[in-house]
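Subject: Structure handover

Hello,

The structure is below, with notes on what was found in it. Please read the notes with the model open.

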Amino acid sequence: MTHDPTPKGKNDMEHNGQDAGTRRWLALAVLALPSLVMAMDMTALLLALPQLSTDLGAGGTEQLWISDAYGFMVAGFVITMGTLGDRIGRRRLLFAGAAAFAVLSAVAAYAPSPGTLIAARALLGVAGATLMPSTLALITNIFRDERERGKAIAIWATCQFAGGAFGPVLAGLLLQRFWWGSVFLVAVPVMALLLAAGPFLLPEFRDRSAGRRVDPLSVGLSLAAVLPMVYGLKQLTLADGRGAVPAAALAGGAVAGAVFVRRQLRLEHPLLDLRLLRSRPLSAVLVSLVLAGVAMAGTGLMVTQYLQDVLGRSPLASAVLFAPMGLGVAVGTMAAPALARRIRPATAIASGLAVSAVGCLPLTVSDGAAAVIAGITVLALGTGPLFALGTGLVVGSVPPERAGSAASMSETGNYLGGSLGLAVIGVIGASVYQARMDHVGGAAARTLAGAVAAGGHLPPARAEELLDGARAAFTAGLHLTGAIAAAIFVVLAVLVAASARSGAVAKPAPAAETASGEAGARTAAV
């Protein structure tokens, strides 16, 4: 047997390598589509909600479930779907979820009643829960080189945040020319493209050692833990921190969560491998992702309300003004891989979190759109390394066959952090407002919207006095929110920097590196 050393043989090998590289990046483009659409779907509905509520005759409770059913189901099922993809095949689960998402989006677009739309949104959440962990796990499997994988995850995360930023803007443009259902139909051609190109570009991966059976009791316990927790946190915001229902939901979720954890630690093939949390890199980054989500969601909530209720901007104008927050994260995630080539990933993450703390400062003292938007843009920019490099560290800290489980941990942390931020910061902001407006009484003392409504029944001079006081009270809540977010980012920066000194989050765990070379024995790649 001889080896052909001619230039032709060398060129063939180089050509094959180039083809493989091009195929990987084309696969990434396909995998980024669900991330983009899901983020747009979650934010675009906020702008379409008033119009569709009028057309369908949706009441206040129905509007709440139209907006929340999707997020509830994503949060509840993402753990199950991440592990299910490891068992039955990540590409198979991705295609099933994408097809269901396209069909259900069309159902939502032409829903004849609020009940139909709520059901479609809930099922969309189940379908959406298959997409994020599947795409992230496939990216981890396709890009074995650590540097390429970091860049790929940064691009994936950028699409997610850019979609969230542009979702309301796109919805505003569509609603100016079409009916509210057009907001949902955007997903149909995107998912069709994924289903058409995916079979040619995406390989299949699954963990052969775990079998295909998923423990049904673990699925039920995960839903019983996550859904009441998310529901309770959201209800805290609506109830201004009061009420027995949110407390009962949180307590019930905590009990179910404790039973779920106990069961997972005893199973040989658990739904969610909590033993992974023994890895210091993974646990440290997950804590940072949750708490950063708290700070970002809380400030986002207060700023969007500030733009509309205090400054009087329209929903579309507020969406445009708020877009730099999503774009800031997108720029930060794209810059993160280049930054990580010059300094250690943990140092890059800690430095970014310090920048986020600086971005919070204008929120603590400033009034006016310019200062507030500049602040949230800098805040968001600094979180980019955490979301890009941190997500990479999470999925890189485990063997390839567990990537789906690790990805579901990351996504669950994001959802819980966001829900916790909306609830806690919302309650704090409401408490500050009510403390300053306690002397007024009535609806005006509870919310700024109540003050606006009450002002409509007062003489102009008294109405202006009431609204000035209400706006000042809400702005005080925004200032406190900024201070809390700054404190969170400072604590996280110190935590990650301390971990860097101990080597805890300096690079992915060796298990991930050795597993990459042994993947053929444990993970099916078709």
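A residue is called buried at under 20% relative accessible area, exposed at over 50%, and partly exposed in between, using a 1.4 Å probe and protein chains only. This is a predicted model, in which local features need pLDDT of at least 70 and side-chain atom pairs count only at pLDDT 80 or more, while totals for chains, interfaces and linings use all residues. Residues are numbered from 1 along each chain as its sequence is written, and side-chain values use heavy atoms, with hydrogens and water left out.

Two helices (DSSP runs of H or I, at least four residues, numbered from the N terminus) come first. In H9 (residues 244-266), the buried residues include Pro246, Gly253 and Phe260. H9 has 23 residues and reaches 34 Å from its first C-alpha to its last, close to the 33 Å expected; the expected span is 1.5 Å times one less than the number of residues.

Next, the region around Arg341. Arg341 lies in the loop between helix H11 (315-340) and helix H12 (345-365), and counts as partly exposed because its relative accessibility is 46%. Ala340, in helix H11, is also partly exposed, at 22%. The C-alpha atoms of Ala340 and Arg147 are separated by 9.1 Å, although the two residues are 193 apart along the chain.

Regards
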